[in-house]
Amino acid sequence: MGFFSLLEVASMPVIQVLIISLVGAFLATDRCKLFPVEARNSMNKVVFVIFAPALMFANLAQTVTLQDMISWWFMPVNMGLTFLIGGILGWMVVKILKPPPYLEGLIVATSSSGNMGNLPIILVPAICDEDKSPFGNRSVCRTVGLSYASFSMALGGFYIWTYTFRLIKGSAMKLRDIEESEKATIKSSNSDLEADHKTQLLLGASQDKKTSVVKEETGFWRKGVDLVHEILEELLAPPTLGAIVGFFFGAVKWLRNLIIGDDAPLRIIQGTAKLLGDGTIPCMTIILGGNLIQGLRSSAVKPVVVLGIVCVRYIILPIIGIGVVKTAESFGFLPQDPLFQYVLMLQFTLPPAMNIGTMTQLYNVGQDECSVLMLWTYLIAILALTVWSTIFLHLLV
């Protein structure tokens, strides 16, 4: 499979994302005025509560069985490593470049959370369909490759809606703290002008008492309870809940037979979930494009930040990915299937997850900056995916 053939295959899903983003950007322009901020927020809530959970459930219940989970056990480990290593590298980018505090979580998220969903589902079967595909029989390759990509998508959704969701939520809390501290500073400066020395002493004493009470309340036990509450809150987020239920239906055979298959009595549930889930990626991408116009006007993202994320996602992570997969193969952890190994390597090379845009919109933090980061990382992904896919194929076949 030649470089230019691979360029065509690898660029198609990325170009699709960019075209849909341009549609969203056009709808949000001052001339069109069909997609204002209020409309984007409302659509984003529908994606979060309905479309994304349906997508997670439909893909997991249909494509992943208990036997697959056992035989493909290294894929969740591999994906966890992409999030862990990417998160560490993103943290290093933050420490070196020192962006505004509310953007730190976004930078770590875009460095660690790859698009494990629509890109592999389009890219892997497309490579199988090529006449010069190195993965053997076309129909077998397509079926198996689609299963790998679907499992990758479902796992990616689970990681993204727990780990990445927590990062963006943390950024939103930082932004809220900054805004509250600024308001408190303004109020205190105004009150200082009116207050006399005696009043200040009384206020100081009362503030000391309040501080001591807060310290007592935020002890070890309180922090532990808050942590458990946050974890449960994230696990009960609609997309995560959809993934958990999908895993359960896929693993339990009699439940799976109720909704999957032409003769399944409740197949209408799976059909409805799939129909709803198909709206997830287009809606996410249109919202991202809608935010892009404002992002290009007022984004606080510096070019050096974009460069740092690009280096992490398209240079450092793919090299580490080759080492991880080859090491796992040498220890006998992987099935003897080069296509499986290709999917594992590809997970280290993907552009940032589209779900990050949904999260920033949901918490109203860094939406404009997220759109700008997505624009540049997806433009560069056209060439990066092609080059790395060529390298992976030469290493595996």
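This is a predicted model: local features need pLDDT of at least 70, side-chain atom pairs count only at pLDDT 80 or more; totals for chains, interfaces and linings use all residues.
Me: What share of the contacts between residues at least 6 apart in sequence joins residues at least 24 apart?
Reply: A contact here requires heavy atoms within 4.5 Å. Taking the pairs in the chain that are at least 6 apart in sequence, those at least 24 apart account for 85%.

Me: Let's turn to α14 and α17. Are they roughly parallel or roughly antiparallel?
Reply: The two helices pack with axes 10 Å apart and an angle of about 20°. Angles under 35 degrees count as roughly parallel. Therefore α14, relative to α17, is roughly parallel.

Me: Which classes of residue make up that contact of α14 with α17?
Reply: On the α14 side the residues include V306, I309 and Y314, and on the α17 side they include W376, W388 and F392. K326 of α14 and T377 of α17 also take part. By class, the tally is 19 nonpolar, 1 polar and 1 charged.

Me: What is the handedness of the crossing of α5 and α17?
Reply: Helix α5 covers residues 101-112 and helix α17 covers residues 367-396; their axes come within 11 Å and cross at roughly 30°. That angle makes α5 roughly parallel to α17. The crossing itself is right-handed.

Me: Which residues of α17 does α5 meet?
Reply: From α5, the residues involved are Y102, L103, L106 and T110. The contact of α5 with α17 divides into 5 nonpolar, 1 polar and 1 charged residues. On the α17 side, the partners are E369, C370 and L373.

Me: How does the contact of α14 with α15 divide by class?
Reply: Helix α14 (residues 303-330) and helix α15 (residues 338-346) have axes 9 Å apart and an angle of about 145°. G321, I322, V325, K326 and E329 in α14 meet Q341, L344 and M345 in α15. Those residues come to 4 nonpolar, 2 polar and 2 charged.

Me: Now the loops. Is K98 buried or exposed?
Reply: K98 sits in the loop between α4 (74-97) and α5. Its phi is near 50°, a positive value in a residue other than glycine. With a relative accessible area of 66%, over the 50% cut-off, K98 is exposed.

Me: Where does N364 lie?
Reply: N364 is not a glycine, yet it has a positive phi of about 55°. N364 is exposed, and its relative accessible area is 54%. Its place is the loop between α16 (355-363) and α17.

Me: Which residues does A273 touch, not counting those up to four places away in sequence?
Reply: A273 belongs to helix α12 (residues 267-277), and its relative accessible area of 9% makes it buried. Leaving out residues up to four places away, A273 touches A54, F57 and A58.

Key
Residues are numbered from 1 along each chain as its sequence is written. Side-chain values use heavy atoms; hydrogens and water are left out. Axes are lines fitted to C-alpha atoms, for helices over the stretch in contact, and angles run from 0 to 180 degrees between N-to-C directions. Helices (H or I, at least four residues) and strands (E, at least two) are DSSP runs, numbered from the N terminus. Angles under 35 degrees count as roughly parallel, over 145 as roughly antiparallel, 65 to 115 as roughly perpendicular and the rest as oblique. A crossing is left-handed if the near helix is turned anticlockwise from the far one by less than a right angle, and right-handed if clockwise. Ala, Val, Leu, Ile, Met, Phe, Trp, Tyr, Cys and Pro count as nonpolar, Asp, Glu, Lys and Arg as charged, and the others, Gly among them, as polar. Buried means under 20% relative accessible area, exposed over 50%, partly exposed in between (1.4 Å probe, protein chains only).
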